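I opened this model to look up how its parts are held against one another, and these are my notes.

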Amino acid sequence: MPQVPAATRTLRVLRYLASQPDPVPLEHISRACGLPRSTAYHLLAAMVAEGFVVHLPEERRYGLGLAAFEVGSGYSRQAPLQRLARHPLAALVDRTGESAHLAVLHGRDVLYVLEERAPARPSLVSDIGVRLPAHLTASGRAMLAALPPAQVRALYPGAADFVDRTGRGPRTPAALRSLLSEVRRAGHATEDGEVTLGLSSVAAAVLDHNAHPVAAVALTYPGARAGLSEEVRSVAVSLTRRIGGRDVAPTRPLVPRQEPPRG
């Protein structure tokens, strides 16, 4: 433990606190982060003084402070995921000749935050800033499949929560569960005419360090094409690793694409 930098220990504590639904006792922090109790106490005292942690003396527990929220807000303002994804999405379009986009999950919707349109391809409904029902889109299905089942049940408790666009797609919680099980087995999601008739999409989730979906990479194309699932999953795996995330391999694991050397 003396060889572990103090900054590493501090970040370990913050990451643990961020993963908890409620403030936790000192003993839990010490045990989960592999720190001596006295070390954890002094680190927490310093983080309390800086506003990253709050101490609840009546409960003898610690939780995240306002400064941690400000860091998270700064992350959102700087949009680093979109910046990281812009070049890989452009390269994906160059390789496949199909339009690509990046989406995030917002309740039962997906919100499109980045699009790279392929030449000679029509404009898509999935433009930047557009929201679509998550259960109908490949992007949404890829992210829903990575959520805990209880969270999916909370989002879709009954048939009334399922929106229809083209007469296709799941209409009940049971149908959605079955579809998401297949997505988890495959490691990618698809949709065929469920958003726009005549167009299909394939998507894979980008995961954080807790394997929680923070976004999804997708390609949209007319008709049927082989090999696109490997392409989108390769980009999703690459982005997952670039943000320090933890990839969950499908039944058929995929080695990320190695870009050829330039020059």
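I took buried to mean under 20% relative accessible area, exposed over 50%, and partly exposed in between, with a 1.4 Å probe and protein chains only. On that basis, 43% of the 263 residues of the chain count as buried.

Before going further I noted that this is a predicted model, in which local features need pLDDT of at least 70 and side-chain atom pairs count only at pLDDT 80 or more, while totals for chains, interfaces and linings use all residues. Residues are numbered from 1 along each chain as its sequence is written, and side-chain values use heavy atoms, with hydrogens and water left out.

**Overall make-up**

I looked up the secondary structure and found nine helices and eight strands, where helices (H or I, at least four residues) and strands (E, at least two) are DSSP runs numbered from the N terminus. I then turned to contacts, meaning heavy atoms within 4.5 Å: of those in the chain with a separation of 6 or more, 54% are between residues 24 or more positions apart.

**Salt bridges**

How many salt bridges does a search of the whole structure find? The search gives eight, a salt bridge being a side-chain nitrogen of Lys or Arg within 4 Å of a carboxyl oxygen of Asp or Glu.

One of them joins the side chains of Glu27 and Arg37, at 3.0 Å from N to O. Glu27 belongs to helix 2 (residues 26-33) and Arg37 to helix 3 (residues 37-50), so this pair ties together parts that are ten residues apart in sequence. Both partners are partly exposed, Glu27 with a relative accessible area of 38% and Arg37 with 48%.

I next looked up Arg95 and Glu231, whose side chains meet in a salt bridge at 2.9 Å, N to O. This pair links distant parts of the chain, 136 residues apart, with Arg95 in helix 5 (residues 80-96) and Glu231 in helix 9 (residues 228-242). Arg95 is partly exposed at 28% relative accessibility, whereas Glu231 is buried at 11%.

In a further pair, Arg117 and Glu115 have their closest N and O atoms 3.4 Å apart; here Arg117 is partly exposed at 40%, but Glu115 is buried at 12%.

**Glu194**

I found Glu194 in the loop between strand 6 (189-192) and strand 7 (199-207), where Glu194 is buried, with a relative accessible area of 9%. The side chain of Glu194 reaches the backbone nitrogen of Asp192 at 3.1 Å. Leaving aside neighbours within four places in sequence, the residues in contact with Glu194 include Leu136, Arg141, Arg165 and Arg168.

Angles under 35 degrees count as roughly parallel, over 145 as roughly antiparallel, 65 to 115 as roughly perpendicular and the rest as oblique.

The axes of helix 6 (residues 138-145) and helix 8 (residues 173-186) come within 9 Å and cross at roughly 80°, and these helices are therefore roughly perpendicular to each other. Arg141, Ala142, Leu144 and Ala145 of helix 6 meet Leu179, Leu180, Val183 and Arg184 of helix 8.

I also checked helix 1 (residues 6-18) against helix 3, and their axes come within 10 Å and cross at roughly 80°, which makes helix 1 roughly perpendicular to helix 3. The contact is made by Ala6, Arg9, Thr10, Val13 and Leu14 on helix 1, with Thr39, Leu43, Leu44 and Met47 on helix 3.

Technical notes. Polar contact = N/O pair within 3.5 Å; in protein donor to acceptor, adjacent residues only side chain to side chain. Axes fitted to C-alpha atoms, helices over the stretch in contact; angles between N-to-C directions.
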